[in-house]
Amino acid sequence: MQNFVVDNLNQEEVAKLEKVLQEKTKPSPIGGLYWIEIPENILAPIQIKHKECGPHYFAVEIGEDFISFEFLVRNFKSMRCECIAPATPAQKLFLIEKAKEIFALAGVHFHRG
Ligand SMILES: [Zn+2]
């Protein structure tokens, strides 16, 4: 799984989630895209070695009716570096917990249906 996606959101839910993203994450210059910084204690060894590439982060995309959390560790400095890697199990867990927190703060149900 490369992305964790919740779709079929209504306009009100998207607006609530976006408000929380604006407060709790780092908005990018591109609309609908936010960064979640990854804490140092869960960085993979290669990312610790590449401190100069840091901070490392996850991308969150929000659209008209969906929100998507990407399981890929990125950095702000270099688009092509070996420290850009799929999330480790600990990093995945961190991102899922973050997603839950964002949904809870927004008052939007995490599990749908
Ligand atoms: Zn690097």
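Which residues of H3 are buried? In this predicted model, local features are described where pLDDT is at least 70 and side-chain atom pairs count only at pLDDT 80 or more, whereas totals for chains, interfaces and linings use all residues. Residues are numbered from 1 along each chain as its sequence is written.

The protein has three helices and seven strands, where helices (H or I, at least four residues) and strands (E, at least two) are DSSP runs numbered from the N terminus. Along the sequence these elements follow the pattern β-α-β-β-α-β-β-β-β-α. The radius of gyration, taken over C-alpha atoms, is 14 Å, close to the 13 Å that the globule rule gives for 113 residues, so the protein is as compact as a globular protein of that length; the rule is 2.2 Å times the number of residues to the power 0.38. Along the principal axes, the C-alpha atoms fill a box of roughly 40 × 30 × 20 Å. Of the contacts between residues at least 6 apart in sequence, 61% join residues at least 24 apart, a contact being a pair of residues whose C-beta atoms, placed from the backbone, lie within 7 Å.

Helix H3 (89-106) has 18 residues and reaches 26 Å from its first C-alpha to its last, close to the 26 Å expected at 1.5 Å a residue, the expected span being 1.5 Å times one less than the number of residues. The buried residues of H3 are Gln 91, Leu 95, Ala 99, Ile 102 and Ala 106. They lie on the same side of H3, because they cover an arc of only 80° around the axis, the arc being that of the directions from the helix axis to the C-beta atoms. An α-helix has 3.6 residues a turn, so residues three or four places apart point the same way. The face turned away from the buried side of H3 carries the exposed residues Pro 89, Leu 93, Glu 97, Lys 100 and Ala 104. A residue is termed buried if 20 or more other C-beta atoms lie within 10 Å of its own, exposed if 12 or fewer, and partly exposed in between, with C-beta atoms placed from the backbone. The cover over the buried residues of H3 includes strand S1 (3-6), H1, S3, S4, S5 and S6. After H3 comes Gly 107, which has a positive phi, near 70°.

The largest nonpolar core holds 16 residues, of which Leu 17, Leu 21, Phe 58, Val 60, Phe 69, Leu 95 and Ile 102 touch the most other members. Two or more residues of this core come from each of helix H1 (11-24), strand S3 (33-37), strand S4 (56-62), strand S5 (67-70) and H3, and H3 gives the largest share, four residues. Such a core is a set of buried Ala, Val, Leu, Ile, Met, Phe, Trp, Tyr and Cys residues joined through C-beta atoms within 7 Å. Beyond residues up to four places away in sequence, Phe 69 touches Asn 3, Phe 4, Phe 58, Val 60, Leu 95 and Ala 99.

Strand S4 pairs with strand S6 (residues 72-75) in the antiparallel sense over two bridges, pairing being assigned if DSSP finds at least two bridges between strands. Tyr 57 stands opposite Arg 74 in S6. In turn, S6 and strand S7 (residues 85-86) pair in the antiparallel sense over two bridges, and Ala 85 in S7 is the bridge partner of Val 73. His 56, which lies in S4, counts as buried because 27 C-beta neighbours lie inside 10 Å.

Conventions. Contact = placed C-beta atoms within 7 Å.
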